[in-house]
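Subject: Structure handover

Hello,

Here is the structure I said I would pass on. Please open it first, then read the notes below it.

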Amino acid sequence: MPGRLLRGLWQRWRRYKYRFVPWIALNLSHNPRTLRYVPEESKDKVISDEEVLGTLLKVFQALFVNDFNKQSDILTVLPEPVKSKYQDLLSVQHPGVKQLEYRHQQQNTFTPEEILYKTLGFSVTRAPSTLISAGKGVFVNKGLVPKGAVVSMYPGTVYQKYEPIFFQSIGNPFIFRCLDGVLIDGNDKGISKVVYRSCNGRDQLGPLKMSDSTWLTSEIHNPLAVGQYVNNCSNDRAANVCYQEFDMPAVFPIELKQYLPNIAYSYDKQSPLRCVILVALRDIKQGEELFSNYYTIVS
């Protein structure tokens, strides 16, 4: 019986260690390929914030239009300038709109993964990792990811350095620490799941959702929201993606916030929402698993 218990604990540790930050830190000297050196916090940019924002807007806009027949409540509360962007789909007075809406409702919409492929030329999915006992990983299941592309997002509740996260952190391998100490809890189970859902409900304004909670389920609306399952690279598996922090601008379209897989633990209008995206370090082919590295400040 004790032997079986120890074997079970050992197997859990082998899965956990790939996301356990202290273990990673202690092993960095033996595994230099897991590091990406960053001279200072301000230079932690593989691509510009403008490129990141452009990609997210492109994907979220495509998801919004694809799901148009479910957006009527949202469209009715948006300001007129925003409605005008969707005028050809919204106005019931335009003959083409009625026909388009009828066709849209009668036909099957594309899946989020298909929208991602049609928009960026690739799609990603969760599947058992090729690393032994590492649990789930993230793979390119269709298309080619070009170097410098935003390949996924790290979902979860965003905690400032001074906010409580002790109980959520117990046995939690999905807590990501940003360069400035901000934490993102990407766990889709247990207390972490309850906290995220609570914050998500708190911030909703009528039909307007300020974040996406579907990453907590098997039916993900934002196909990029799988970054918490990307495993760390090793000596045998070089990194092909890296983390990059991104503060969401205040001018982000409110109708597209329903696809943001992050939410602040405390309601704060002053601080921008911290997001973390993963960027391709090279071209990544269909069937390849994503492996990340961890940056370290050297000056």
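This is a predicted model: local features need pLDDT of at least 70, side-chain atom pairs count only at pLDDT 80 or more; totals for chains, interfaces and linings use all residues.

Is F167 buried or exposed? F167 is exposed, with a relative accessible area of 58%; here exposed means over 50% relative accessible area, buried under 20%, and partly exposed in between, with a 1.4 Å probe and protein chains only. F166 is exposed as well, its relative accessible area being 56%.

Residues are numbered from 1 along each chain as its sequence is written, and side-chain values use heavy atoms, with hydrogens and water left out.

Strand β11

Helices (H or I, at least four residues) and strands (E, at least two) are DSSP runs, numbered from the N terminus. Strand β11 covers residues 273-280, and eight of its eight residues are buried. In a regular strand the side chains alternate between the two faces of the sheet. On one side of β11 are L273, C275, I277 and V279, on the other R274, V276, L278 and A280, and both faces are covered.

Two strands count as paired if DSSP finds at least two bridges between them. β11 pairs with strand β9 (residues 241-248) in the antiparallel sense, over eight bridges. Within that topic, C242 stands opposite V279 of β11. Strand β4 (residues 150-153) is also an antiparallel partner of β11, over three bridges, and M153 has I277 as its bridge partner in β11.

Aromatic rings

Rings of Phe, Tyr and Trp (its six-membered ring) pair if their centres lie within 6.5 Å; planes under 30 degrees apart are stacked, over 60 edge-to-face, and the rest tilted. The count by this rule is nine aromatic pairs. One of them joins Y154 and Y243 edge-to-face, at 6.4 Å centre to centre and 65° between the planes. Y154 is in the loop between β4 and β5 (156-159) and Y243 is in strand β9, 89 residues apart, so to speak of distant parts of the chain. Both Y154 and Y243 are buried. F166 and F167 also form an edge-to-face pair, with 5.2 Å between centres and 75° between planes. Ring pairs link F60, F252 and Y259 into a cluster.

Charges over rings

A charge sits over a ring if NZ of Lys or CZ of Arg is within 6 Å of the ring centre and within 35 degrees of the ring normal. K118 has its charged end over the ring of F110, 4.5 Å from the centre. K142 lies over the face of Y117, 4.3 Å from the ring centre.

Regards
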